[in-house]
Amino acid sequence: MKRMQAITSVLLCLSAVVSAMSGDEVLDRMREATTASDRRIEAVMRITDKNGRVQERVLRMVMKGDNKLLVRFLEPADLRGVSFMSTSPENMWVYLPAQGRVRRISGSAAEASFGGSDFSYKEMANISFGSSRVQGVPVETELNGVRAYQLLIDDGGTQSRLWVEKERYLPLQVEQLDRDGGVRKRIIFAEFQQEKGVWMPWLIRLENRAKGSVTELRLRSAELNIGIRDSYFSEENMKKGG
Amino acid sequence: MRWLPGLVYRYPVWITAGVGLLTLVLGYFLKELKIDAEVTRMMPAGESGVEVLRVVDREFGGSEQAIVVIESESLFTPKVLSGIERLVEQLSDIPMVNQVTALNNLQDVRGAGDEVVISRLIDSIPSTRSGLESLRARVLADRRYRGRLVAQDGRAALILIRLRPDADRAQAIRQIETAVKQAHFPGRVSLAGSPALMEFVRRWMVADLLKLIPLVVLMLVLVLGLASRTWRGTVLPLLVVLVAVVWTMGLVGLFRQPVTIVMVVLPPILLAVGSAYGIHILERWQQESRNGLDRREVVDRAVGRTGLPVFLAMVTTAAGFAANLVMKVVAIRVFALFAVIGIAVSFVLAVIFLPALLMLMPVKPARFRQENPARSARWLGRLAPRIIRFRTAVLVTAAVMCVIALIFGTRVRPETDFVRYFKSGSEPARAAEIVNRQFGGELQFEILVEGDIQDPAILSRMEKFSRDLERVEHITHISSIVEVLKSTNRAFNQNRQDAEVLPQTRDEVAQYLLLLSFSGSDYLASLVTPDYRLARITAQFNEHSSAELGRAIKEIRALIRQDFGPEVRVRLGGVPLAIYALHEGIATSQLWSIIAALLAVVVLVAVMFGSLRLGLVAVLPVGFTLAMAFGLMGLCGIRVDVVTAMLGSIAVGIGIDYSCHLIARFREESEEKDIRSRLSRTVQAVGPPILTNALAVGLGFAVLGGSSLVIVQKFGLLIAGAMLFSGFAALLLVPAVLAGVFKTTRGDKK
């Protein structure tokens, strides 16, 4: 489930409406509508804590496939140049310019908060629902006046509800559920734009119910399917800033 | 007061109905009563460092931490470790819990060659013996965990549960207890930490109220029954005072005042003290009825004549309680206010409601005790001439005893350690002891540092302060962003020990903090705000004694001034400050409350009897009693706490009544010109009700000795002793002094 949250949505796709579709079919359509082979994005991450204090960070993210990600901080000044890279869920590296060194990070870092935001690194890195399974049949419903399918997704024991716009198969909202069925996190995808046939939300809003904080990721620019090579994801590029 | 007997005589039905109606109305508000054991609410917020706790609540997700103490000979076994894991999961699911920290979910940042490992301390529970041994060795070798989450000997572990600031503590503790119960640990599991202890105090207070009120009632039934040997003499004063308790506690509920540990003694006190007024009115009623007077005359004398000394007794008692209004402790001031209201209500009911009830009852003189005069009265009548004869010896002995008692009394010290509320060896006291001795203490100082926390200059001041803080006695573990940054620097530098230093540049700090966000931001969020403008240093303290707390607070404040100077804003707070503020509040205002009580009763008695001499005579027995009470406390090492702090002023207020009754009767007997006869008649007339009263009040208070809470126990027994002593002291000292003062005088000014 976690996987879908994030930037996930940046890359999903759309197609024709078919009635009486299975959940997996809806999910496949959504992937088609929003998936690109690679992308380079510049975005402003705005974190508002429960006391209303706001922090802004500007990031450049380069992604390829489901797992390859290189994130570089452009602002604020004291974080400029800090880079995180992953080539698989198990392989993560960090570059701190103040230290001038790249270090491999192992363990559970991918599960934790990304840069103090409400997104986890995993959520930032993953671009599709991967191994997610749909439980039951999609329910036809409305979300904020938009006709949608509501799916119950299982991602390794974590459940979530996903609303997919019926017309274009765009993800509208995800709710991560806790063990009691309560909403832990809500992710809203908005301001979709189509680039090279791929739909991408230019605003992702994550509401963390448990912490009372909100993280918004607003895109400044986005380039899709630009032919990024695997070799791009290297320690050298981390230092150079991609 | 002349109008009062007429009112009672004319409208007994209306009075009875009115009292019944008001009792129903105020009784309804009893359901609004809320028990509150919170130590931080006992003092004005500005004086107790509580505002710092509120900042911690708002900025760092909660300041209250409950602790689960797990004792097991085999802690590092799959069974216990997986039990802890399950329990942590269950505890984390409790909505009122913000964060659960235990061995198995602790995020660990460490260096392993060129790698930075960010993982749980126990990623998966080892299944082999060697795996478990190696985990045990690793945990016990690391000072970040040893003595914090696992005892030095590896036989006890803690689970720290941070509650949400808005959590309903009682409910949260209940849910934690349920989760612990369901975990079925092989070892012993108990709860500690301020929220758990406060919840236990609250439960024990409820249990006390349910247990002590019926006990006081039973005691009063016995005393009143034995003294009056009539059902009227037993039931009516009791009924009157029960109504007074309903009114008073109903008013507490109506005004939504919390029932604190101080307030919990109010109902038993009102029952014991308030019954005295009824006893005196009823005694006079019976005396006059036996004299064959008609109803109107009986009402006139019982209400009109006895009403005055009873009124005086009420006013002086109320003054004694009101003297506690000078106390800085909010809980004591609220108690004092409602005690004064309760005493006034008891008086009003005794002079209006009780005679009204008696008016409505058929005249049955045969049912009244016919012993005339009573055996005790005859005995007391014979005692008076002896007191007069040996008055010098009586007074000198009393003076010598006073001096000796005061010498011991100087040893009495205040103590507000709330663990001492519990009996030694009880579960809460035991758990607190384990946390104090093996885990660095459950009390925690909170130090808030404001400024650009990423600035290495501020961080190095924080580091120096932490180092200095370690030297303060009883300070054990210190947590702050400083140690986290140092260990991250070490982890980033191949785990080299020499790299365990603070980063040198602001950028380094900022970048490490960003990296740390991957290690579980909850921990980071408990030490620094997301905008890095406010940092929190916590320092555990392994001693509950308020004297030690006072010393530590003074030293910490000096270190703050020394290490941060005026340019960095630093605030000190936490529960230790609230406890110490309570200690200071008691230490500085207890003596004033006693002086205020003594002055008030001297002035009141002097005004009412029109004689300063009589005012001073009246205060002698209570002064003597006070000296003896404090002497006893000094001798037995009993400390003054938030409840016993009221002992002096209450003893003055109640004890003065006995002198007042003696003096009032002495004045009434002014037609008798021979001082011996006059005193004999005085002692014979009011001695028995004084003794009954002292016995009723004393035994009423003694019932508090059955409390589950040690401070209530001590208060009850001390004041019970003081009351009994006060009654006897009045009967011995007042006649002795009056005999000296009036030996050449033929009568007193009327």
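Predicted model: local features only at pLDDT ≥ 70, side-chain atom pairs only at ≥ 80, totals over all residues.
## Chain A in outline

Let's begin with chain A. Of its 242 residues, 50% count as buried.

## Loops worth a look in chain A

Most residues other than glycine have a negative phi, and most peptide bonds are trans.

Now go to A:Pro76, in the loop between β3 (68–75) and β4 (83–88) of chain A. The peptide bond that runs from A:Glu75 to A:Pro76 is cis, and its omega is near 0°. Further along, the loop between β7 (133–143) and β8 (146–155) of chain A holds A:Asn144. This residue isn't a glycine, yet A:Asn144 has a positive phi of about 50°. Is A:Asn144 buried or exposed? It has 10 C-beta neighbours inside 10 Å, so A:Asn144 counts as exposed.

One more loop, between β13 (213–224) and α4 (235–240) of chain A, is where you'll find A:Asp230. A:Asp230 counts as exposed too, because it has 11 C-beta neighbours inside 10 Å, and the cut-off for exposed is 12 or fewer.

## Chain B in outline

Over to chain B, with its 25 helices and 10 strands. Its C-alpha trace spans about 105 × 45 × 40 Å along the principal axes. Chain B has 750 residues, and buried ones make up 55% of them. Take the contacts in chain B between residues at least 6 apart in sequence: 82% of these join residues at least 24 apart.

The domain assignment divides chain B into four pieces: domain 1 (1–32 + 230–367), domain 2 (62–198), domain 3 (378–410 + 575–750) and domain 4 (428–574). Notice that domain 1 and domain 3 are each listed with two stretches of sequence. How many Å separate the centres of domain 2 and domain 3 of chain B? Taken over C-alpha atoms, the answer is 55 Å.

## Two loop residues in chain B

B:Leu106 lies in the loop between β2 (97–101) and β3 (107–112) of chain B. With 19 C-beta neighbours inside 10 Å, B:Leu106 counts as partly exposed, because buried would take 20 or more. Which residues does B:Leu106 touch, if you skip its neighbours within four places in sequence? The contacts are B:Thr101, B:Arg120, B:Leu121 and B:Leu149. Look at B:Arg120 in particular: B:Leu106 and B:Arg120 are 14 residues apart in sequence and 5.3 Å apart in space, C-alpha to C-alpha.

The other residue is B:Arg256, found in the loop between α8 (231–254) and α9 (266–290) of chain B. B:Arg256 has a positive phi, near 50°, despite being a residue other than glycine. It has 10 C-beta neighbours inside 10 Å, so B:Arg256 counts as exposed.

## Helices side by side

Two packed helices are described by the angle between their axes and the distance between the axes. Start with helix α14 (residues 391–409) and helix α25 (residues 710–741) of chain B, whose axes come within 9 Å and cross at roughly 125°. That angle is why α14(B) and α25(B) are oblique to each other. Their crossing is left-handed. On the α14(B) side the contact is made by B:Arg391, B:Val394, B:Leu395 and B:Ala398, and on the α25(B) side by B:Leu732, B:Leu733, B:Ala736, B:Ala739 and B:Gly740. By class, that's 7 nonpolar, 1 polar and 1 charged residues.

For the second pair, find helix α23 (residues 647–668) and helix α24 (residues 675–702) of chain B, which pack at about 155° with their axes 8 Å apart. So α23(B) is roughly antiparallel to α24(B). Here α23(B) passes α24(B) in a right-handed crossing. Residues of α23(B) in the contact include B:Ile654, B:Tyr658 and B:Phe666, while those of α24(B) include B:Ala685, B:Val686 and B:Ile690. The residues of this contact divide into 9 nonpolar, 2 polar and 2 charged.

Notes:
Residues numbered from 1 in each chain as written. Chains lettered and ligands numbered in written order. Domains from an automatic or database assignment. Helix = DSSP H or I, 4+ residues; strand = E, 2+ residues; numbered from the N terminus. Contact = placed C-beta atoms within 7 Å. Axes fitted to C-alpha atoms, helices over the stretch in contact; angles between N-to-C directions. Parallel < 35°, antiparallel > 145°, perpendicular 65-115°, else oblique. Left-handed = near helix turned anticlockwise from the far one by under 90°. Nonpolar A, V, L, I, M, F, W, Y, C, P; charged D, E, K, R; others polar.
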